[in-house]
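Good morning. I will talk for a few minutes about charged side chains and a loop; please look at the model while I speak.

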Amino acid sequence: MDGDTTQTPSAIELTRHIETRYHARHREQLPELVALSAKVEQVHAAVPDVPAGLSALLHQMIGELEVHMKKEELILFPAMRRGSPGLETTIAVMRADHDDHAAEISRIRALTNDLRLPDGACRKWTALYQGLTEFVADLDAHVRLENDVLFPQFETAP
């Protein structure tokens, strides 16, 4: 699903792919990133480039993403799989959540100097930024797939 296709995948295929590829992965990534960021913030508290507040932001994102993904898994995606009409309002809420996620990614980038490691960064700090880079790319791909491919199948053109 990550490559170019000539035919748009069905809502059933897309929603299942999103759940297994992105939702499951975010649930793995975020707790690990919270733990790593808390360690980096604690150990390197005196370092000017430490991403102070990152662990709190990531912890907040766990809750917000979980609520968002549950709304999709329990309400929106089953309705899409059934071909239910009238999903525009629910999709609009999901799009607004996606905008909130983008704002949080901007905050992550601001706290981490755009995910650039300071000179002499330790292994944990390096692992944190590598994990964040992967998470940001995964979340971006996840949101683009929903916004650009899945949601338009259920939105009426103006």
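**Salt bridges and a loop**

Start with Glu73, which is buried at 17% relative accessibility. Buried here means under 20% relative accessible area, exposed means over 50%, and partly exposed is in between, using a 1.4 Å probe and protein chains only.

Before going on, a word on the source: this is a predicted model, where local features need pLDDT of at least 70, side-chain atom pairs count only at pLDDT 80 or more, and totals for chains, interfaces and linings use all residues. Residues are numbered from 1 along each chain as its sequence is written, and side-chain values use heavy atoms, with hydrogens and water left out.

What does Glu73 form with Arg27? The two make a salt bridge, with the closest N and O atoms 2.9 Å apart. By salt bridge I mean a side-chain nitrogen of Lys or Arg within 4 Å of a carboxyl oxygen of Asp or Glu. Side chains of opposite charge can pair when their charged atoms come close. Glu73 sits in helix H2 and Arg27 in helix H1, 46 residues apart, and the pair links distant parts of the chain. Helices are DSSP runs of H or I with at least four residues, strands are runs of E with at least two, and both are numbered from the N terminus.

Arg27 also forms a salt bridge with Glu66, at 2.8 Å between the closest N and O atoms. That pair again links distant parts of the chain, from helix H1 to helix H2 (residues 54-82), 39 residues apart. Arg27 is partly exposed at 31%, and Glu66 is partly exposed at 26%.

Next, the side chains of Arg21 and Asp138 meet in a salt bridge, 2.8 Å from N to O. Arg21 lies in helix H1 (residues 11-43) and Asp138 in helix H4 (residues 123-150), so this pair ties together parts 117 residues apart in sequence.

Now the loop. Most residues other than glycine have a negative phi. Asn113 is not a glycine, yet its phi is positive, about 55°. Asn113 is in the loop between helix H3 (88-111) and H4, and is partly exposed at 44%. Asp114 is in the loop between H3 and H4, with a positive phi near 60°. Asp114 is partly exposed, at 36%.
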